[in-house]
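Me: I would like to take a close look at one part of this model, and I would be glad of a careful explanation that spells out each term as it comes up.

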Amino acid sequence: MTLWESARIAMRGLRSNKLRSALTMLGIIIGVAAVIVLVAFGNGLQRFVADAFGPLANQIQISKDQGGVGAKDLTDADVRALRDTGRAPAIATVSPTVGGSAQLQLAGGGSYRTGITGTEADYLDVANRELVVGSFFDDQQVTSKAKVVVLGPNPVASLFGGQAGAALGQDVRIGRTTFRIIGVLAANGQQDDVAVMPLGAARSYLLGGGDVVGSVTVRAVSTDAVPQAVEQATTILDQRHGIRDPEDRDFTVTALQSLLDQSSQVLSFVTIFVAAVAGISLIVGSIGVANIMLVTVTERTREIGIRKAIGARRRAILQQFLIEAMVLTGIGGVIGILLGIGISVAAGIVLPQLVPDFPAPSVSVGSVVLAFGVSLLIGLLAGGFPANRAARMRPIDALRHQ
Amino acid sequence: MIELERVSKVYKTGDLELRALDDVSLRIDDGDLVAIMGPSGSGKSTMMNILGCLDVPSSGTYLLDGIDVGGLSDNRLADIRNTKIGFVFQSFNLLPRTSAIRNVELPMVYAGTRNRRGRAQRALTRVGLADRADHKPNELSGGQQQRVAVARALVTEPTMILADEPTGNLDTTSTVDVMNLFVELNEAGRTVVLITHEPEVAEFAKRVVTLRDGRIVSDERR
Ligand SMILES: Nc1ncnc2c1ncn2[C@@H]1O[C@H](COP(=O)(O)OP(=O)(O)OP(=O)(O)O)[C@@H](O)[C@H]1O
Ligand SMILES: [Mg+2]
C-alpha cells in the first residue's frame with residue numbers, strides 16, 4: 001500500500017461526496033478568512049493610532065527663555081549645530097521659524113493684520129498641517145528668499161470672503177513688499193490667523209533680526225529616540241551658549257512627552273486588543289474545523305469497517321483520512337486566505353467612502369501563516385484521531401456503527 | 001482448513017446475556033461446499049463473522065489452517081481477510097457513491113495487485129453485470145448489489161469464500177447462476193461456506209449444518 005495509492009483513494013473519497021467535502025472546506029475557509037480579516041481590521045486600527053500620534057510624538061520644541069538677563073537668542077548657527085548628525089545622531093530634522101505680525105493689503109482695497117511665520121520647506125510635515133489648495137514653497141524658494149506666501153484660513157476669510165480658490169495666484173502687499181499667494185492652509189483651530197513665508201523672506205522684507213531664530217522644532221529619528229534627542233540638543237546648546245549650571249539655561253527644550261506617553265499607552269491597548277481578537281477568531285475557526293472533521297469521520301465509521309473487512313490495514317486507512325484532511329484543509333486554507341485578503345482589501349476601498357477617515361484594514365503575513373498553520377494542524381488532528389479510533393475497531397463493530 | 005473448538009459468543013445488553021453461539025465445535029475441510037441453515041436469530045451470521053476474522057469469539061478457539069487466529073496481530077488479520085477470505089455480507093456492504101467496478105477493485109487496491117481494472121471487469125462479467133460496471137450501488141437493484149458483492153469476494157481468488165445469504169435477494173434464475181458460480185469455484189478447489197434459508201440453495205451443497213439457538217442441531221453430508 002503506497003502513499004500514492006492512499007492519495008488516489010483519498011482523492012476518490014473526496015470526489016465521491018462533493019457536498020460533504022464542500023461543507024468541510026467551508027468550515028475551514030470561514031475560519032481562516034475570519035482570522036485574517038479580523039486581524040487586518042485590528043492592524044488598520046493600530047496603524048491609524050500610530051499615524052495620528054506618531055508625527056507629533058517625536059517632536060521637540062526649543063525656544064528662548066524670556067526675561068533672563070543676558071539671555072542669548074537662538075541663531076542660525078545654533079540651528080546648524082543641531083543639524084550636525086555627528087553630534088546629534090538622534091535628531092532627524094531641525095526646523096527654525098521666526099515670527100511677528102504685519103499688515104496684508106490687496107491692490108483692490110481690503111487689508112488685514114495677521115501673524116507672520118517665516119519658516120522652511122518642511123513646515124507642513126513639522127506642524128502636521130495640510131493645504132486646501134495650491135502648493136507650499138520648496139527648498140529652492142527658501143534659499144532664494146522668494147516672495148511667496150501661504151495664507152491661513154483667517155486672512156483668506158477676511159480678504160477673499162473665504163474663497164481659497166480666489167486667493168490662489170493673487171498678489172498681496174505685506175509691509176512694503178508684494179508677495180504672491182501660492183497656497184492656503186487648512187484650518188487646524190490653533191494657528192489659523194497666519195501667513196507663512198520663506199524664513200529669509202520674512203527676515204529681509206518684514207521682520208529684520210539678522211540671524212536670530214524665534215523657535216526651533218526638532219524631530220527625533222523615532223518616537224523611542226525622543227529622550228536622547230532632547231539630551232543631545234540640550235548638550236549642544238549648553239555648549240554654544242556657555243552654560244555650566246542648568247539653573248542659568250537661557251532656553252527650554254520641551255518634548256511633547258504627555259502626547260508620547262498617551263500614544264504608547266493607546267498603542268499597547270490596541271495591540272492587546274488585536275491579539276485577543278486573533279486568538280478568539282482562531283479558537284472559533286479551529287472549533288469549526290475540528291467539529292466538521294469529527295462529524296464526517298465518525299459518520300464514515302461504516303466505510304472504515306467495509307475497508308477493514310476487505311483487508312485494509314490500519315495504516316492504509318489512516319493515510320487515506322490524513323491525506324483527505326490535508327487536501328481539504330489545504331485547499332480550504334488557500335481559499336480562506338484569498339477570501340480573507342479579498343474582504344480586507346474590499347473593506348479598505350469601500351469603508352473609507354462610507355465612513356470618512358475609517359482606518360483601512362491591513363493584512364498581516366503573521367495572521368495568514370498562523371491561520372493556515374493552525375487550521376492545517378487542527379484539520380489533521382481532528383481528522384486523524386477519530387479515523388485512528390475507527391481503524392482500531394473490530395471490522396464488525398465498525399460495520400455495525402450507526 | 002477451518003476448526004472451531006468450543007466457540008461461544010455472548011452478547012451482553014444491560015444485565016441481559018444472550019448466547020448467540022453456545023459451545024460450537026465445527027471442522028470444515030479444504031475444498032468443501034457447506035450450507036449453513038437455521039431459523040432467524042439462530043447465530044448463523046455470528047458464526048460466519050467469526051469465520052471471516054471480522055469478529056472474535058467470547059471463548060473457545062478458531063484455528064485457520066492450523067493457526068490460532070486469536071493470537072494474530074491486527075495487520076496479520078487484515079492480510080488474511082484480504083488474501084485468504086472472500087466475504088459476501090448479508091447487507092452487501094458496498095461503498096456508497098462508488099461505482100460497481102471500483103467496489104470490486106477495492107480488495108486488490110489493498111493487496112497492491114496490478115491490472116485491477118481487467119480483473120474487476122472479468123469478475124463482474126462472471127456475475128452477469130458487465131454492463132453495470134459504472135453504476136453506483138444506489139443505481140442498482142438489491143439483487144444486482146448482491147452480485148457486485150459476490151464479484152468483490154471472488155476477484156482476489158481467495159481460498160475460502162464465506163457468503164451470508166448470497167441469494168437472499170435474487171430471483172430463481174439469478175440464484176441458479178450464482179450457485180453455479182459457487183459450484184464452479186468449489187470445483188476449482190476453493191472452500192465455500194454459505195448461509196441460506198432456501199432448501200433449493202442447500203441442494204447445491206455437499207454438506208448442510210443446521211443451527212438453532214446458537215447450537216449445531218444437525219450436520220449432514222450429501
Ligand atoms: N451486536 C449484537 N449485540 C447484541 N445482540 C446481537 C448482536 N448481534 C447479534 N445479536 C443477537 O445474536 C443472535 C444471533 O444473531 P445472528 O445475526 O447471528 O442471527 P442469524 O442467524 O444470522 O439471523 P438471520 O437469519 O435473521 O440473519 C440474535 O438473537 C441477535 O439478536
Ligand atoms: Mg444473519
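Me: Across the interface of chain A and chain B, how many residue pairs are in polar contact?

Reply: This is a predicted model, in which local features need pLDDT of at least 70 and side-chain atom pairs count only at pLDDT 80 or more, while totals for chains, interfaces and linings use all residues. Residues are numbered from 1 along each chain as its sequence is written, chains are lettered from A and ligands numbered from 1 in the order in which they are written, and side-chain values use heavy atoms, with hydrogens and water left out.

Across the interface of chain A and chain B there are eight residue pairs in polar contact, both residues being at pLDDT 80 or more; a polar contact is a pair of N or O atoms within 3.5 Å, where within protein one must be able to donate a hydrogen and the other to accept it, and residues adjacent in sequence count only if both atoms are side-chain atoms. On the side of chain A that touches chain B, the elements giving two or more residues are helix 1 (3–16), helix 11 (301–309), helix 12 (314–354) and helix 14 (395–400) of chain A, where helices are DSSP runs of H or I with at least four residues, numbered from the N terminus. Helix 11 of chain A gives the most, with six residues. The residues of this side of chain A divide into eleven nonpolar, four polar and twelve charged, with Ala, Val, Leu, Ile, Met, Phe, Trp, Tyr, Cys and Pro counted as nonpolar, Asp, Glu, Lys and Arg as charged, and the others, Gly among them, as polar.

Between chain A and chain B the count is five salt bridges, a salt bridge being a side-chain nitrogen of Lys or Arg within 4 Å of a carboxyl oxygen of Asp or Glu. One of them joins the side chains of A:Arg313 and B:Asp79, at 2.5 Å from N to O.

Turning to the interface as a whole, 27 residues of chain A are in contact with 25 residues of chain B, contact meaning heavy atoms within 4.5 Å. The size of an interface is often given as the accessible area lost when the parts come together. Here chain A and chain B bury about 2400 Å² between them, with 52% of it on carbon and sulfur atoms; buried area is the accessible area (1.4 Å probe) that two parts lose on being put together, summed over both.
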